[in-house]
Amino acid sequence: MIQAAPNVYDAEPIPSEARAEIDRMLKSGDLFRYTAPENAPVTLLEQEFAAFMGCKYALAVSSCSAALFLSLKALGLPRDARVLIPAFTFAAVPSSVVHADCIPVLCEVGDNYRVDLRDFEAKLDDTITAVIISHMRGHTSDMDAIMTLCDARGIPVVEDAAHSLGTVWDGRKIGTIGRVGAFSFQSYKLVNAGEGGIMVTDDADLVARAVIMSGAYEHNWAKHMAESDADLQAAFARWQNQLPLYNLRMSNLSAAIIRPQIDHIDRRVHDGRQNHDYVAAALNASPWMEVPDKLDLEARAPDSIQFNLLGMTDEERKAFASAAAARGVKVQIFGLSTDNARAFWNWQFLPGDTPDLPSTRSMLMRACDVRLPARLRQTELDVIIDALIMAAEDVKGQPRAYGT
């Protein structure tokens, strides 16, 4: 009997510890983060997440996109400031730049899904005011090189770590290397609240601006202070009534769902890494697929797997995706999926003409994406592996043995 392909879309169950708090809130109707004078679930989440990340401050908001937008606004960038971003990212990233009244500038990304440092350095000129680095699908670019280039020019770096909670670069947690880091709690991420996001920073002035703009009207910003913090209190006083409110707050219900999952992050990272590396080793044994190596200083936290198809035409790649789907495994080929939100040429809201980015375009036409949640068992991984390998063999035939 052939085992059916596993469901890769359901998340892990929400920990039982969340239920009592959720029941309490449902009975009281107390879902707004600023109702309680202190220790609201959102406030506690911010404190706990900051402690987990080793940062001074965290601000929980409605989405990672909101966190990116607020990060740019809190940096005080002028209108039409040029923000350099990788061309391989989700449409929400250039959208956040546009929402912040700035102009996205796209740099090339290589076959390993990471920033092309030569193109990055060439475009990091005097017209660039800020940088967003997307650790897209958990693939971390060379943060040492990027920070050296940006620090030398005094350019702030925002880390889009939506896919990278739990990833470590040379002993430092991703999201804590740049000026500010942004994370996602959307359902397909490592921590699931359906929707939600959070930003982390050590910069008191930046977080004060972001808190006020997130919707801390009047003096509700005081509920973001767990203890005496002279720098933060001075920053709040400085920006009181000076900034517009965008109302991007997180609700207490979302925070109650997220908080108990923090204790599960390390285990999910371990299991997800094991699953990824097990599948990667099998796919790399095929002549038709290649999973790029991680960088030496990177300890990644994958919840999906990406691989490049080798020696196939566009039509053969489409046939491969169809053959995998027939076996129950959905393969998204970024550049060949209709209206894919990760293909830069579909971002028609960008100002000006679509940029010419041949390296990124070539990669996107070959790069495949398959969900691989940490909860999968080895038998389920084997089903996915077999479906992908057999789909490639359907298109290209079985590889010949050595010497034949």
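User: Where does Asp101 lie?
Analyst: Asp101 is in the loop that runs between α4 (92–99) and β3 (103–107); helices (H or I, at least four residues) and strands (E, at least two) are DSSP runs, numbered from the N terminus. This is a predicted model, in which local features need pLDDT of at least 70, side-chain atom pairs count only at pLDDT 80 or more, and totals for chains, interfaces and linings use all residues. Residues are numbered from 1 along each chain as its sequence is written, and side-chain values use heavy atoms, with hydrogens and water left out.

User: What is the phi of Asp101?
Analyst: Phi of Asp101 is positive, about 65°, although the residue is not a glycine. Most residues other than glycine have a negative phi.

User: And how accessible is Asp101?
Analyst: Asp101 has 28% relative accessibility and therefore counts as partly exposed. The cut-offs are under 20% relative accessible area for buried and over 50% for exposed, with partly exposed in between (1.4 Å probe, protein chains only).

User: Which loop holds Asp80, then?
Analyst: Asp80 sits in the loop between α3 (64–74) and β2 (82–86). Its phi is near 70°, which is a positive value in a residue other than glycine.

User: Switching to β9: is that strand buried or exposed?
Analyst: Five of the five residues of β9 (residues 197–201) are buried, so the strand is largely enclosed by the rest of the structure. Gly197, Met199 and Thr201 cover one side and Ile198 and Val200 the other, and all of these are buried.

User: How many bridges join β1 to β9?
Analyst: Five bridges join β1 (residues 57–61) to β9, and the two strands run antiparallel; strands pair if DSSP finds at least two bridges between them. Tyr57 has Thr201 as its bridge partner in β9. Strand β8 (residues 180–184) also pairs with β9 in the antiparallel sense, over five bridges, and Ser184 stands opposite Gly197 there.

User: What is the strand order in the open sheet of four strands?
Analyst: The order is β10-β12-β14-β13, with antiparallel pairing. The edges are β10 (289–290) and β13 (332–333); each has a single partner strand, so one side of each is left without a neighbour in the sheet. Inside that order, β12 (residues 304–309) and β14 (residues 367–371) are joined by five bridges and run antiparallel. Asp369 in β14 is the bridge partner of Gln306.

User: Which strands does α10 touch?
Analyst: Helix α10 (residues 265–284) packs on the sheet and touches β10 and β12, and its direction makes about 15° with that of β12. Contact means heavy atoms within 4.5 Å. Helix α11 lies across β10, β12, β13 and β14, running at about 145° to β12. Axes are lines fitted to C-alpha atoms, for helices over the stretch in contact, and angles run from 0 to 180 degrees between N-to-C directions.

User: At what angle do α11 and α13 pack?
Analyst: Helix α11 (residues 314–326) and helix α13 (residues 378–396) pack at about 135°, their axes being 8 Å apart. They are therefore oblique to each other: angles under 35 degrees count as roughly parallel, over 145 as roughly antiparallel, 65 to 115 as roughly perpendicular and the rest as oblique. By class, the contact has nine nonpolar, no polar and three charged residues (Ala, Val, Leu, Ile, Met, Phe, Trp, Tyr, Cys and Pro count as nonpolar, Asp, Glu, Lys and Arg as charged, and the others, Gly among them, as polar).

User: How do the axes of α7 and α8 cross?
Analyst: The axes of α7 (residues 204–215) and α8 (residues 230–239) come within 8 Å and cross at roughly 50°, so these helices are oblique to each other. The contact of α7 with α8 includes Val207 and Ile212 in α7, and Phe236 and Trp239 in α8. It divides into nine nonpolar, no polar and four charged residues.

User: Last one: which residues does Thr43 touch?
Analyst: Thr43 touches Arg33 and Lys223, leaving aside residues up to four places away in sequence. Thr43 belongs to helix α2 (residues 41–53) and, at 5% relative accessibility, counts as buried.
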